[in-house]
Amino acid sequence: RQELLKWNGWGYNDSKFIFNKKGQAEFTGKRYRLGGMILPTFKEWIEKTFGASLEHKTTSRASLNVNDVPPSIVSEEFLQDLRATKISHSQDAEDRVFRAHGHCLHEIFVLREGMFKRVPDIVVWPVCHEDVVKIVELACKHNLCIIPFGGGTSVSSALECPEEEKRTIVSLDTSQMNRVLWIDEKNLTACVEAGIVGQDLEKQLAESGFCTGHEPDSMEFSSLGGWVATRASGMKKNIYGNIEDLVIHIKMVTPRGIVEKNCQVPRMSTGPDIHHFIMGSEGTLGVITEVTIKIRPIPEYQKYGSVVFPNFERGVACLREVAKQRCAPASIRLVDNAQFQFGHALKPQVASIFTSFLDGLKKFYITKFKGFDPNMLCVATLLFEGDREKVLQHEKQVYDIATKFGGLAAGEDNGQRGYMLTFVIAYLRDLGLDYYVIGESFETSVPWDRVLDLCRNVKERIVRECKEKGVQFAPLSTCRVTQTYDAGACVYFYFAFNYRGISDPIHVYEQIERAAREEILANGGSLSHHHGVGKLRKRWMKESISDVGLGMLRSVKEYVDPNNIFGNKNLL
Amino acid sequence: MAPPIARSPRPPPRAGRPGRVGVGPWEAAAGLRPLRRGRAGERGAGRRGGARRTMAAAAAAAAGRARRGAPMYSQKDLTSKKRDEFEDILEERRLSSDLRYAMKCYTPVIYKGLSPCKPNAIKSAVLQSEQVQYVIKQLAKEMGESPDIIQEEAVEILDEMGHSMQLGAVRFFAFTLSKIFKRLFRRVCVNEEGMQRLQHAIQEHPVVLLPSHRSYVDFLMLSYLLYTYDLALPVIAAGIDFLGMKIVGELLRRAGAFFMRRSFGGNRLYWAVFAEYVKTMIRSGYAPIEFFLEGTRSRTAKTLTPKFGLLSIVMEPFFKREVFDTYLVPISISYEKILEESLYAYELLGVPKPKESTSGLLKARRILSDNFGTIHIYVGQPVSLRTLASGRINRCPYNLVPRHLPQKPSEDIQEFVTDVAYKMELLQIENMVLRPWVLVAAVLLQNLPAMESELLIEKTLWLKGLTQTFGGFIEWPDNLCAKKAVLSGLALHSNIACLVDGHVVLHDKGVEDGAIGEVVFKRALAVLTCATYRNQLLNVFVRPSLVAMALQMTRSFRKEEVYSCFSFLRGVFSDEFIFFPGISLKDFEEGCFLLTKCDAIQTSQQEIYPTDKGSVIISFLSAMFRPFLEGYQLIFRYLSKETKEAFTEKQFIPGVRNFVFHLLEKGNTQCYEALSSDMQKNALAALVHLGAVKKKKTCQDTCTETCGCTTLSGSWCRGWMQALAENTGRPAAGAQTRTCPSSLKQGRQRHVLHQASSPLPLRNCCC
C-alpha cells in the first residue's frame, strides 16, 4: 500500500493536479471522476486569488534522502524477542519516515525540504489482536515507546514523534489487521479488525449488501481504529451517526491488559461509559484492535442536490430551520461565496456546446432574473439516501424549506460535484506547494446563534493576521457549514496564502492558524469537532475542559499506562 | 450643485508594515476614497495653515501615557511625538456660498458591512430583539402584568429616546451653523490626517467617537465637521434635558441626537431598551456613535473623571464577538475661549445653571457679537478595542450564557472598561491644544492681584518652554512674538484681565464698592474664570508637579519617602486629575523623568535632589497646584470641625461654601478656588475613596456619613491637613496649634494607630 501512496503529499501517486503543456490545469489518474479532465478556468482562479504565477515554482526533493534520516536505535534483546514472535518488522529508513508524520502542513513541508528530528526506530506489523498483545508486553518489558499508526491521515500532529523521547520508538502499524471478522445480520453489527481502511471496509461489507455509512473525507486512507481514537465524524452522520453512535464494542490492548465489555448491547447503565475514555484517546492509552460496529443495508437510492442562496446569512438560516425540523438529508453542507467560486474554478471543460449554453442560461437566470449577486451568493449541497419514494418526499420537504429562505434549486450535478471535490481538494495543497501557496483546513463546532459571527470573525481574523505578518496578497479564507445538529453546527475553514517574500512561511502559517483558533474559542466555538487535539491544539485543552477535567483524563492515563509506553504525548 | 471633488492631494497615509514589499491586491479590497471636503477650487489659501504648527518637540511624556498591563502600556516614544497639522475649515466657508454648501451632494463613506436602514427600522429591530423581549417577559412575569402593556412602555421609551436622522435637518444645521460659527469663531482648525484616519476607520469597523466636553458647541461642531468631510454623521447620546427645548429638541433629534435619561439605574426596562438601542447601532454599523466620557460639560475646563456606563455598552458587542472590532476615537476639542465660561463660573459658585430652553437659547443670541477665537479639533488615532483587549478578557463568561441574556459584567471586564475609559481620556488630554493665554493665566494666578506686564510676558515665554518639555501641545499663533501673543490674549479675554498702567490685573469691576460679601463673590468669579484657563495645563503638569510638591513636603531626598508622599497626594487628587488607575509608580517615574529633563532635579538610585536652577521650577510647579492643596485643606477642616456625624450630599456643598466664604470675608484665607463646587465634590469623592468618609444610601437621599466616629476621621483629617500645611511652608489660615505629625507618613501611621486602639466597632468603617 505504501507503494501506491505519495511519500511527500496527499493520496495516490497517480492522482494529482498538474499544469499541462498548454498551461491548463488537469487532474491526472483514473481514480476520481475528475481524472483526466481539463479545468480551463482554474489557472486564472489561482492567479487571481493568490497572486501566484506559474513562472514561480518550488520543487520538492524527488525522493527521500536516506542519509538524512535519524538512525534506528533498537536494542538487540528486543529485536531477539520480537523475532521470536514472528511479527514482521522493519528498520528501513523509508518505512520509518513514512510513519513519522500525518498530513499537517508543516509535516508535508518538512518532507519536501527537510527532515524530522525524530522518527520511529522500528515499524512492526501485527496481523491480529494476539500479536498486539505480544508487542505491548514486549514494550513493557523493554520499556519502549509505542505509537500506534493507522491510516496516517492525522492533521493534529498526533503522529509526530516527541523529539525528547529517548526510548526506542516502535511504530505499530495496524494496516495488516484488516479483516472483517464476522457479520451479524440479525443485530446488524459487524466485528472488524481496527486496521481496516474505510473504503475497504465498505467494499467488504458491500459484498454482503451492507455498509457502515461512516464516510469521513479521508475514508480512502483512514482506518477504523483511527476513527475511534480521534472521535471521527462522517459526512452522512445525519443518517448513520458519528463514530460514537456507531460503535457497539471496542477491544483495546493497554499496558495494564485488555479492556473490553462483557456484552454487545445498544446501551448500558454501568457508570460512565468506558468507550468514552477510548474514543478520542488519540493513542495515549493503548491499541484498539477490534471494533464491533453497526451496519445498515446499502440504501436503495441516492440522490444529490444543490440549492443557491442569495447570501450566506440566508443559507445558514435555512440550515438552522432544517435542523430544527430534524429533516436534514444524509448530508447537507453550505459553502460560502469564496468556496463557491473555488468550486466553479474546478469545473471541467464541458463536452458540448449545448451544456455550455445551458450553464450560461442558468447563470443568467440566477444573477439577472433572480437578482443574486455573484459575489454574495452561496450554495448548499445535498445528499439524500434511502427508499426512492421516501427520498423524493424528503427532497421536496427540504426544497420547500429552502424556498422560504430565498433558495433556488440548482441541480443534481452541482451537488455531486461538490461532494467529489471534498475528496480531491486535499490533492490541491500539493499543487499549491509547488507554486508558493500553502494552505490548510481546520474545523470547529459552534451553537447556531453564533455561526454567522464566528464565520465572519474567523475569516476576518485570518485576513488581518496575514496582512500583519507581511503576507503580500490577500489570502483565501473561506468556510462551509458542513454538519448540522440540533444545537449547533460544524464549521470547516479553508485557508491558504501565497508565501512569496516571506522567509519563514511555516512559522507565519502557524501563527496565523493559532490566531484563528484563538478567534474560534473567543467566539464560542470548540477546540475541535472531529480532527482531535493531538499535539497541535494541546495548549488549549485546559481552557476547553477545565483543570479538573484535565485531571480526570490524566488520572485515567496514569492508571492505564503508568510507564507512558504509549508516549506520543497527545492530548494531555 | 457642484459635486464635491477630491480635495486632498496627499495620498492617504498608510502605515508601512514590516515585511511588506510593494502593494498587493490588499489595497484594492480596502475601497479607498480620497478624503474630500467642500470644493476644490478654493483650497490654495487653506494650505498656509501648515506652517502654523507648533511642535511639542519632545512630547516626552505626553503626560500619562503610561498604562497598566501589557497591551495597555505602550512604551512611549520619549524623543519625538509627531502631531498632525491643522487646517481651518471656516476659511472655505467664508469664501463660498453657505447655501450651496448646505445643499451639496452628500454621499458619506459608511461602514463596509452596513445594509442601509431607516431610523425606524432600528427601533423596531430593538423592540423585536431577543434582549428586549426577554426583559419584557421577565418583567411581565414579576409584576403580573400583560407583556403587551410593558411592550407599550418600551415603545414609549424608544420614541422618547430614538433619533430620527434626516438629511433635511442636517442641511438646515449645515447652513445655520455655518452662519453662526463664522460669527463666533475666528478659525476652526482640524487635523486633516485625523479625518483621513477616521474615514478609514468608519469603513472598516463600527466607530465610537469620544470627544472632550467643554461646551454645547462640541457635538454641533463635530457633526458639522463630519458633514464637511463627507463622513457618516454620528448619532449622539444627549441628555434628556434637551428635549425640554421646544423645536430645538426635535431638530437635534433629526440631526442624529438620541436622548438618555440622566439616571435610570433602577429601571430595568429602560436600561434594556437603551442598551439594546445603542448596541443595535453598533452591531449594524449604522453610524458612528458619539458620546462624552466625561458625562457632562466640564465647568472647569479640566477633564472630568470618566463615566463607564455607556462605554461598557458600546464595548459589549465586541466582547460577545457580535462585531469583529470596534474603533474608539478620542477627539480633543479645545476652545480659545469657551462660550459658556461666565455661566460656568456662576454655576461653580452655586448659582444654578439655567434650564435648557428655547427661549433661553434665543436670549443667548447676544453672544453672537462676541469673538470666541479659534477652535482646535484634534481627531486622535482610532484605537482598536480588539488590540486593547487582546489577552485581557476571559472569554468563558460570554461563551456559557446565551448572548441575549442580561449579564452583569465580570470584575475583569469592569476593570478593563475602567482602564479603557481612563486611557481614552488621557489620549484626549494629550492632544488638547494649549493657547498662549493658558500660560498667561497660569502665571497671572500665581501673582495676584497685579503683575507687571513685562514680567508676565517673560514668565509666559519661560512657561512655554517648560510646557513643551512636559509634552504640552502648544499652538502659538503664526509665530507671534511673546508680547503680541500676550496682548492679543488680553484683548480676547478682556472680561478676565486687563492692562492698567503697565500692570496686568484681574478684571473685577465693582469690587471696591459694595458689601464685603459681594466683593468676595466678584473676586471669586474672576479667579474661577481665570482658573479655567490655567486648568487646561494641569493634567499635563500634574505628575512632575506632584513630585515637586512631594519633594517640598517631605523635606527629604530619599526617593522612597518622596514616592510615598507622591502616591498619597495622587490618591487624594485622584478625582481632581486624570490618573491611569493603579500605576502610581509609573506616574512617579514619569514625573521624575520630566523634572530631570528640564534640569530641575537630579536622581540617583536612592535619592532625588533639586538642582540649584531647579528651585524656580519646583516652586512654580507646587504653587500651581497650591490652590488645590489649600482648597482641600479647607474642605477637610470643614468636615472635621463643622459637620455632624452624618450629612447628605445636598447639605455638604452649601455648608462648605458658606464656611469658606466666611473665611474669605474675614481674610483668613485667600483660596478663592475652594468655593468651586467642582473641587468640593472631588474632595468628598477622594475622602470616600480613601475611606475617611463612607457613603450610605438612605431611602430619600444619598447620605454621606463621616467615617464610623467623627473623632477618628476628624483627627485624621486634621492630622494630615496640618501635615500638609506645615510642609508647604505656608501656615494654613486658622490652623490649630496642636502637636501635629511632623511628616505625612507619620500622620498616616497615626491614623492606623487610631483605628487599632479605637474601642468603637471599626468593621463597618471602610477605612
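## Contacts along chain B

Count the contacts in chain B (heavy atoms within 4.5 Å) between residues at least 6 apart in sequence: 78% join residues at least 24 apart. The model is predicted, so local features need pLDDT of at least 70 and side-chain atom pairs pLDDT 80 or more, while totals for chains, interfaces and linings use all residues. Residues are numbered from 1 along each chain as its sequence is written, chains are lettered from A and ligands numbered from 1 in written order, and side-chain values use heavy atoms, without hydrogens or water.

Chain B has 28 helices and 19 strands. Both are DSSP runs, numbered from the N terminus: helices are H or I with at least four residues, strands are E with at least two.

## Cover and surface

Chain B has 767 residues, and 59% of them count as buried. Buried means under 20% relative accessible area, exposed over 50%, and partly exposed in between, with a 1.4 Å probe and protein chains only. Chain B exposes about 30800 Å². Carbon and sulfur atoms supply 56% of that area. The areas come from the Shrake-Rupley method with a 1.4 Å probe; for residues, only the protein chains shown count as cover.

## Cysteines without disulfides

A disulfide is a covalent bond between the sulfur atoms of two cysteines. Here the test is a pair of cysteine sulfur atoms within 2.5 Å. Over all chains, the search finds zero.

Cys455(A) is buried, with a relative accessible area of 1%. For Cys530(B), the closest cysteine sulfur is in Cys498(B), 12 Å away and too far for a bond. Cys530(B) is buried too, at 0% relative accessibility.

An unreviewed UniProt entry places a "binding site" feature at Arg429(A). Such annotations may be inferred rather than shown by experiment; feature names are shortened and positions follow the numbering used here. Arg429(A) sits in helix H15 (residues 412-434) of chain A. It is buried, at 16% relative accessibility.

Beyond its neighbours within four places in sequence, Arg429(A) contacts several residues, including Cys104(A), Leu105(A) and Glu440(A). His103(A) is another of its contacts. The backbone oxygen of His103(A) lies 2.8 Å from a polar atom of the Arg429(A) side chain.

## A strand pair in chain A

Strand E19(A) spans residues 437-447, and nine of its eleven residues are buried. Eleven bridges join E19(A) to E21(A), residues 488-498, and the two run antiparallel. Strands pair if DSSP finds at least two bridges between them. Glu440(A) stands opposite Phe495(A) in E21(A).

Methods:
A polar contact is a pair of N or O atoms within 3.5 Å; within protein, one must be able to donate a hydrogen and the other to accept it, and residues adjacent in sequence count only if both atoms are side-chain atoms.
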